[in-house]
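Take a look at the sequence and the model below, and keep both open while you read. We'll go from the overall layout down to single residues.

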Amino acid sequence: MSVLTAKKWTCDECGVVVSRAGGEKVELPKSWDSSSEGTFCLLCRRERAAKAALESAPEDSGLEDRARLRRAALVEFEVRRRPNHGNGEIAKACRSSVAAVVAARKRLKIPAPQ
């Protein structure tokens, strides 16, 4: 796998920039992603996962159902992103519960680390 480097990285969604003071090239931050869709910081990647889940919701979904769907999408995003991290660590990152992380792992068929 090749390492992506650039003088600066800019999130295509929010515009946040990562660079080095001296102007030398820097690797794409590990929490960022760069694809044919663009380059996105972690915060925007999470938001895109939540938006995608909400777009798949039935139009007549209530506020509580949409909030539940959004939370589940965020937890699933983090489980996929960091499958080797503990349930408690993922729950804390998502401001969710360990039970929600366990349920997401079950849905995704991604076992907890040993």
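What follows is a walk through the chain, its cores, its cysteines and a few helix and loop residues.

First, some ground rules. This is a predicted model, so local features need pLDDT of at least 70 and side-chain atom pairs count only at pLDDT 80 or more, while totals for chains, interfaces and linings use all residues. Residues are numbered from 1 along each chain as its sequence is written, and side-chain values use heavy atoms, with hydrogens and water left out.

Let's start with the layout. The protein chain has 4 helices and 6 strands; these are DSSP runs, numbered from the N terminus, with helices (H or I) of at least four residues and strands (E) of at least two. Along the sequence the pattern reads β-β-β-β-β-β-α-α-α-α. Of the 114 residues in the protein chain, 30% are buried, where buried means under 20% relative accessible area, exposed means over 50%, and partly exposed is in between (1.4 Å probe, protein chains only). The accessible surface of the chain comes to about 7,800 Å², and 52% of that belongs to carbon and sulfur atoms; the areas come from the Shrake-Rupley method with a 1.4 Å probe, and for residues only the protein chains shown count as cover.

Now for the inside. In soluble globular proteins, nonpolar side chains tend to be buried together. Here the largest nonpolar core has 9 residues: Ala 6, Trp 9, Cys 11, Val 26, Leu 28, Trp 32, Phe 40, Cys 41 and Cys 44. Such a core is a set of buried Ala, Val, Leu, Ile, Met, Phe, Trp, Tyr and Cys residues joined through side-chain atoms within 4.5 Å. A second, separate core of 7 residues includes Val 79, Ala 91, Cys 94 and Val 101. Contact means heavy atoms within 4.5 Å.

What about the cysteines: how many disulfides does the structure hold? It holds 0, a disulfide being a pair of cysteine sulfur atoms within 2.5 Å. For Cys 14, the nearest cysteine sulfur is that of Cys 44, 3.7 Å away. Cys 41 is in no disulfide either, and its nearest cysteine sulfur, that of Cys 44, is 3.7 Å away. Cys 14 is partly exposed at 45% relative accessibility, whereas Cys 41 is buried at 7%.

Next, move on to the helices. Ala 53 sits in helix H1 (residues 42-55) and counts as buried because its relative accessible area is 13%. Leaving aside neighbours within four places in sequence, Ala 53 is in contact with Leu 69 and Ala 73. Glu 76 belongs to helix H2 (residues 63-81). Is this glutamate, Glu 76, buried or exposed? With 16% relative accessibility, Glu 76 counts as buried. Beyond residues up to four places away in sequence, Glu 76 touches Ala 104, Arg 107 and Leu 108.

Finally, look at the loop between H2 and helix H3 (87-94), where you'll find Arg 82. Arg 82 is buried, since its relative accessible area is 15%. Neighbours within four places in sequence aside, Arg 82 is in contact with Glu 89, Ile 90, Ala 93 and Arg 105.
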